[in-house]
Amino acid sequence: MKLEEYKLLFKRLLLAFTLYPFTRIAFVILNYEIYKSLSIEELLIPFLYGFRFDFSTVLIVNSVFIILSLIPIRHKIFNFLLKLVFILSNGIAIGINIVDIEFFKFNGKKLTADIFGIGGDMSDQIIQISFYYWPYVLVILLSFVFYLKFYPVISKYSNAKIFPITWTPFIGLSLIIMTFLGIRGGLQMRSISPKQAYIFPKYVQGHIAINSTYTLVRSLEAEKIREVNYFKTYDEAVNLIKGLRIGDTDFKGLKNSNVIILILESFSQEYIDDGFTPFFSELSKKGLYFNRNLANGRRSIEALPSILVGMPSLIDKPLYQSQYQTNSFYGLAYYLNQEGYNSSFFHGGKRGTMDFDAYTRSIGIPNYFGKEDYPFSEHFDGAWGIYDDKFMSWFGEELGKKKEPFFSTFFSLSSHQPYSIPKEFKNKFPKGNLEIHESIGYVDYSLQEFFRKYNNKDWFKNTLFVITADHTQKTKGLRYNNTLGKYRVPLLFYHPKLDLSDLDSKKVTQHADIIHSILDFLDIEPKQKLLFGESVFSKNYETINLSYINGSYSLFYKNILTRMIDGKTVNKRYSKDLHSETILTGQKQSEELKALIQYTINGLIKNQLYQ
């Protein structure tokens with residue numbers, strides 16, 4: 001090969017690298033609400049540090065292209081193939097980064113392989129999504145055009161220096177070795193990994209350093225989780241956790257009450273505080289309302305295990321799409337079915353959406369009702385499913401046909417992008433300053449109509465209602481622009497026959513508490529429990545919230561958030577309202593966090609989480 005050809009390979013890789021800094025800038029600008037409190041220095045340092053990940057990503061994406069470029073063939077067809085590989089590989093990689101600029105707002109983390117778990121749902125919406133986010137689609141197409149337009153070529157080779165043929169294999173091997181070293185990030189013992197992007201004082205800085213193509217590719221090769229041994233035995237870790245569970249209660253609920261869980265899509269606590277949900281706010285005064293409740297995940301697919309089973313999202317993949325989906329899990333329906341309850345699940349999307357139907361059956365809910373079961377196809381929103389006010393009204397009608405006691409879960413969808421509401425309700429709800437706000441008002445109205453229509457029914461009067469949200473959504477205010485703010489959703493317990501409003505609502509609660517609280521209300525004592533939650537009716541309740549994101553665990557306990565990354569801990573103290581956080585120094589590693597990690601990981605591996 002000729003010297004100019006090696007130079008050409010370098011130029012092409014440099015071209016591939018060119019767009020990565022721009023996608024990073026776009027990520028910060030379009031997610032400005034997260035970063036507006038950071039100083040220039042706090043933005044610049046992770047930005048520059050991210051070049052290391054970009055360099056590795058370019059070599060990963062172009063590894064096939066590099067190998068093909070080292071083959072000493074210069075036929076025009078081969079050159080065309082080489083160019084095609086380069087444009088497609090790099091265009092797709094940049095496209096991933098661009099897509100995740102918006103997807104991050106919903107996901108709360110950089111893209112990983114678990115995106116393929118909802119690929120079927122997204123593919124069904126691809127045309128609608130493409131039109132809705134047409135600026136992103138346009139930029140992705142322009143990135144392909146950019147690589148096509150500026151792809152370096154050599155028009156003449158006549159005066160080029162030619163290396164001896166015997167040197168070619170050695171030069172090629174050297175370049176492959178250098179590529180390998182570049183991919184792993186240097187000569188250090190271990191290859192760089194996504195978690196090394198999160199080394200900064202503020203966790204959100206790590207999102208700037210890492211790029212989404214890198215996190216996606218690295219997650220494809222992720223190994224199964226391995227056992228940890230912070231304590232000598234598993235029982236030692238379990239006993240430490242049990243020692244924290246000192247709660248007891250003399251609260252008496254109403255045995256044999258019906259149970260309805262209403263999961264409202266993207267109903268962030270911020271939207272309630274800002275006045276977009278007048279009916280829910282009024283209803284909350286009549287029940288036990290927790291406005292400092294934490295979701296145990298950032299996506300709908302993570303909400304169901306947390307709410308219906310009490311199992312937070314604590315591994316890279318959603319639980320019921322992971323290698324541990326066949327582990328033994330006993331959901332709320334399992335215990336209620338044993339008490340003679342009829343269990344059902346309602347979601348206005350089509351069957352198969354996010355595997356809701358398969359998962360709910362696996363945890364003891366035999367009756368699933370989706371878009372296909374709804375009798376009026378004209379109420380389809382054109383995107384995800386049936387409009388909420390229509391489907392919620394039908395939900396009430398179906399409940400009236402069921403034998404009591406029954407247990408049912410309703411999962412709304414109208415406040416999901418593209419935030420569709422029926423034409424007759426356009427401009428009837430405050431639009432606010434986020435595109436989701438109007439749809440939040442519409443869902444609140446749907447909830448109001450459901451309560452208005454059925455509150456005189458006998459089954460309604462004998463029902464414990466639990467209302468929460470699956471996860472948070474876009475945010476505007478600084479009050480929720482912190483680590484815990486991204487998880488804050490409401491939690492309300494309401495029973496028409498009981499005044500629950502006098503109970504202690506000052507607690508910080510979590511989704512994993514719901515199953516324990518309902519069983520406590522119904523005076524049902526399960527033989528075995530998960531150790532992730534507790535009844536909110538407990539006198540000595542103390543939140544022990546374990547969460548997981550981007551390879552690190554966090555524990556929120558006694559108003560201190562402890563995050564463990566690579567064996568190191570970062571501690572933050574939160575104000576009582578959870579709106580402000582202060583980084584603490586000199587704190588020891590949390591034994592409680594270590595115990596929960598060992599209990600979680602080893603318990604999943606050995607299928608022995610229940611105690």
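Guide: Helices (H or I, at least four residues) and strands (E, at least two) are DSSP runs, numbered from the N terminus. This is a predicted model, where local features need pLDDT of at least 70, side-chain atom pairs count only at pLDDT 80 or more, and totals for chains, interfaces and linings use all residues. Residues are numbered from 1 along each chain as its sequence is written, and side-chain values use heavy atoms, with hydrogens and water left out.

Visitor: Okay, in which sense do β4 and β6 pair?

Guide: Strand β4 (residues 342-347) and strand β6 (residues 406-411) pair in the parallel sense, over six bridges. Serine 344 stands opposite serine 408 in β6.

Visitor: And how many bridges join β4 to β5?

Guide: Three bridges join β4 to strand β5 (residues 367-369), and these two run parallel. There, phenylalanine 345 stands opposite tyrosine 368.

Visitor: How many of the residues of β4 are buried?

Guide: Five of its six residues, so β4 is mostly covered. Buried means under 20% relative accessible area, exposed means over 50%, and partly exposed is in between (1.4 Å probe, protein chains only).

Visitor: New topic: where does valine 259 lie?

Guide: Valine 259 lies in strand β1 (residues 258-264). Valine 259 counts as buried because its relative accessibility is 0%.

Visitor: Which residues is valine 259 in contact with?

Guide: Contact means heavy atoms within 4.5 Å. Leaving aside neighbours within four places in sequence, valine 259 is in contact with Phe406, Phe407, Ser408, Thr463, Leu464, Ile518 and Leu522.

Visitor: What about the open sheet, in what order do its strands come?

Guide: Five strands form that open sheet, in the order β10-β11-β12-β13-β14, with antiparallel pairing. β10 (544-549) and β14 (581-584) stand at the edges with a single partner strand each, so one side of each has no neighbour in the sheet. Helix α23 (residues 591-606) packs on the sheet and touches β10, β11 (552-557) and β12 (560-565). The direction of α23 makes about 125° with that of β11. Such axes are lines fitted to C-alpha atoms, for helices over the stretch in contact, and angles run from 0 to 180 degrees between N-to-C directions.

Visitor: How many bridges join β13 to β14?

Guide: Four bridges join strand β13 (residues 568-574) to β14, and the two run antiparallel. In β14, threonine 582 is the bridge partner of arginine 573.

Visitor: Switching to charges, how many salt bridges does the count come to?

Guide: The count comes to 19 salt bridges. A salt bridge is a side-chain nitrogen of Lys or Arg within 4 Å of a carboxyl oxygen of Asp or Glu. One of them joins the side chains of arginine 351 and aspartate 373 (2.8 Å, N to O). Arginine 351 sits in the loop between β4 and α18 (356-362), and aspartate 373 in the loop between β5 and α19 (388-399), 22 residues apart.

Visitor: Lysine 474 has a salt bridge too, so which residue is the partner?

Guide: Glutamate 435 is the partner, with the closest N and O atoms 2.5 Å apart. Lysine 474 is buried, with a relative accessible area of 12%, whereas glutamate 435 is partly exposed at 38%.

Key:
Pairing = 2+ DSSP bridges.
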